[in-house]
Amino acid sequence: MKPMLEIKNFHKSYGQKEIVKGINLEVNQGEIFGFIGHNGAGKTTTIRSVVGILDFESGEVLIDGKNIKTDPIACKQVMAYIPDNPDLYEHLTGIKYINFICDLYGVPNEVRLPRIQELAKELELDTNLGDSISSYSHGMKQKLALISAFVHAPKLLILDEPFVGLDPKAAFTLKKRMRKICDEGCSIFFSSHVLEVVEKLCDKVAILKEGQIVLQGETDEIIRNESLEEIFLGLE
Amino acid sequence: MKKFFEIAKIQIINMVRSTTRSGSKNSKGIFLLVVILGGLIFASATYSMGIYSGIPAGYKDFVLYTMATASVLIVFIFSITTAQGQLFQFKDFDLLMTLPISRTMVFLAKVLSFVVIMLVYCFLFMLPALVIYGVNESMGILYYVYGIVGLFFLPLIPIVISSLFAFIIRKLAGHGKYKNLLVNLGSIILFAAIMLGSMSLSSLEGTTIPEEVFVTGLMLIKTYLYPIYIYIHSCISGNIIELVLSILINGGVFALFVYLFSKTFVSINSTVQTGYKAKNFKLKKEEGKSPLQALCEKEFKKFTSNMMYFMNMGMGQVMLVLGGAYLVFNKQMVFEMLTQFESLGFQIKPTLFGLICGAICLFALMTPTASVSISLEGKQFWITKTIPVKTETIFLSKAIVNAVIIWIPSMIGFILISVGFGFTMFELIVGLLLIFVLGIFVGILGLCININFPKLDFDREIIVIKQSMSSFIAIFGGMVVGALLIFLYVNVSEFVGPFNFVMIIVSILSALDILLWMYLRTVGVRKFCELY
């Protein structure tokens with residue numbers, strides 16, 4: 001299978017303090033990869049570096065075979081990212097924001113409206129798209145960020161704590177869609193503290209502890225007799 | 001009372017800290033702040049000295065009345081925009097409302113932090129005048145004591161009036177789809193009224209003989225600005241009753257304002273914090289745009305939807321158009337003024353052309369919207385960092401929006417003046433060329449400043465717009481460049497002529513546009529990538 005995301009010997013420091021100490025992982029086409037670890041383990045730092053927000057000292061990040069450092073535009077064109085707390089442009093309405101994202105990713109006019117309609121209906125945000133984002137609740141902003149991520153049909157989706165703030169129905173819809181798009185060839189790399197979801201949803205899992213991967217592999221191979229939660233807590 | 005002081009202390013610390021950059025380069029920020037404040041005190045002292053020397057004997061105290069009025073006017077103008085964010089749109093509203101402290105105390109703590117900032121402006125402009133007058137007139141220690149004590153109360157009434165205006169504008173705007181547009185429109189009307197009012201006063205002054213100007217001026221201050229009059233008079237005469245009366249008037253109005261508004265500010269803030277909700281929204285097909293167009297549209301919406309941004313960075317352009325229209329309708333007054341230059345060997349028309357170009361430069365330099373545009377990305381910076389668009393395109397969109405904000409009003413104003421005063425076609429073209437390169441210059445220069453002094457971590461956007469190092473450097477730096485241009489114009493245009501002087505400036509600005517863009521494409525892009 002073609003690797004969509006390759007992280008090789010990745011190091012990241014803040015000043016003198018090394019946060020991520022040489023991690024290696026690979027997300028193949030069609031895979032859902034769960035990235036777990038305790039608070040401050042370096043998950044968000046890794047994710048932010050992978051998507052091009054943060055610079056990093058050494059190592060290599062390849063997205064669809066292209067290097068994020070040397071070819072950032074090509075990398076960003078094929079991926080979508082949602083942070084743990086998606087702050088969006090509050091002065092825009094929901095629909096203006098989605099169209100803004102569509103314009104930047106070059107989503108063709110003919111597919112734009114049906115895609116927005118489908119996603120907005122699925123996440124139950126269709127009647128609120130004309131409202132100003134400043135009037136949205138946290139969960140609604142999260143839903144809008146999800147629509148904006150799915151609307152340009154990325155090959156790789158990188159999500160940081162995607163289930164935080166979502167109501168049960170939206171969380172269920174998201175899980176269903178994540179599986180669906182991966183079956184269609186997309187890859188997903190996401191971090192989460194909800195270990196039950198990771199266990200059920202992910203094809204592969206990596207556990208990060210103090211900047212190092214302490215366990216990585218196929219989810220089925222990792223959880224044989226114990227739950228992911230027990231394994232995770234056993235590593236503490 | 002202890003709780004109140006704790007809250008007030010935190011509010012003031014927040015406001016002061018937000019002025020400088022956090023992190024290792026804090027000392028650099030503080031140094032620049034000191035340099036700028038020093039520059040302002042120097043400018044204020046020079047201005048006060050100039051007025052003092054120019055006033056005939058017997059009317060020297062007029063310098064104090066003039067500078068006190070100027071300080072009050074400055075506080076009034078600055079606080080119109082600050083009041084919107086500080087009193088009616090503050091981010092820690094939810095937190096403060098849940099604390100076990102009365103609403104009056106919360107409101108007073110908010111107002112107090114606002115008063116502290118306005119006091120800084122007041123002291124910057126008034127203190128040099130107090131010292132200059134005191135030293136030259138050999139005033140006693142009581143004069144200085146009264147001067148400083150009274151000064152603490154001087155900005156209170158303008159703060160109250162501007163807060164009332166801010167409140168009325170907010171109330172009228174409501175929270176519909178066009179709320180921001182209405183707030184901006186209301187503010188423009190208010191500024192236009194202030195500007196036209198001061199212009200009418202200055203035209204009245206021109207018709208009176210010099211000594212009568214002082215008598216009339218003093219009468220006007222005594223009648224319409226009584227708290228200012230009584231404060232200055234108490235300092236000069238050493239009358240403690242007048243000083244106490246001045247404190248009571250200023251303090252009383254302020255106390256009444258705090259008492260009344262502490263009852264309504266909760267409902268105002270609740271209304272302001274509710275965003276617009278559309279009725280019966282239906283999805284429609286929209287035409288796609290290029291990434292540059294989409295980014296420009298987003299930037300422009302940001303500018304027009306944020307009242308603080310619009311008022312602080314765009315008001316110069318509104319004033320330019322209004323001023324242009326005023327000059328055209330008062331042509332005779334302009335020609336009378338310029339006859340003074342004629343006696344010095346200058347020709348009226350070319351001199352007018354040079355002066356108008358100078359004014360356009362000054363107003364454009366005071367419109368550096370791009371100088372805070374990177375900082376204003378704030379918590380949404382992750383979007384800009386992850387979109388598949390070159391950093392140069394992001395820079396270009398911000399520079400283009402700044403340039404357009406300068407181009408359209410400046411060109412309207414200049415064409416209006418060109419037609420009104422009969423400039424030649426050649427002058428019209430050169431003037432428009434100047435506006436074109438100037439707009440690009442201000443946009444790119446603003447970005448160069450902002451990329452070196454970014455501030456992405458802030459609680460409220462007003463902190464970036466009004467108090468960040470980047471906006472400070474851009475606005476006051478712009479004023480310095482404007483003053484430098486005027487200085488050069490006065491000294492160089494005599495030899496080369498106003499028209500050739502403007503041509504030289506156009507050439508210099510064009511070269512600077514290219515150089516600064518090259519800087520942005522190299523160093524700027526690198527700094528942007530490192531930023532977060």
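**View 1. The annotated domain of chain A.** The UniProt annotation "domain: ABC transporter", from an unreviewed entry, covers residues 5–235 of chain A; UniProt positions follow the numbering used here, feature names are shortened, and annotations may be inferred rather than shown by experiment. The model is predicted: local features need pLDDT of at least 70, side-chain atom pairs count only at pLDDT 80 or more, and totals for chains, interfaces and linings use all residues. Residues are numbered from 1 along each chain as its sequence is written, while chains are lettered from A and ligands numbered from 1 in the order in which they are written. The end C-alpha atoms of residues 5–235 of chain A are 26 Å apart.

**View 2. Fold and burial of chain A.** Chain A contains 9 helices and 10 strands. Its C-alpha trace spans about 45 × 40 × 35 Å along the principal axes. Of the 236 residues in chain A, 50% are buried (20 or more other C-beta atoms within 10 Å of the residue's own, with C-beta atoms placed from the backbone; exposed means 12 or fewer, partly exposed in between).

**View 3. Surroundings of Gly482(B).** Gly482(B) lies in helix α20 of chain B, residues 469–496. Gly482(B) is partly exposed, with 18 other C-beta atoms within 10 Å. Leaving aside residues up to four places away in sequence, Gly482(B) touches Cys361(B), Leu362(B) and Leu365(B) (contact means C-beta atoms, placed from the backbone, within 7 Å). Ala364(B) is 118 residues from Gly482(B) in sequence, and their C-alpha atoms are 9.3 Å apart.

Technical notes
Helix = DSSP H or I, 4+ residues; strand = E, 2+ residues; numbered from the N terminus. Contact = placed C-beta atoms within 7 Å.
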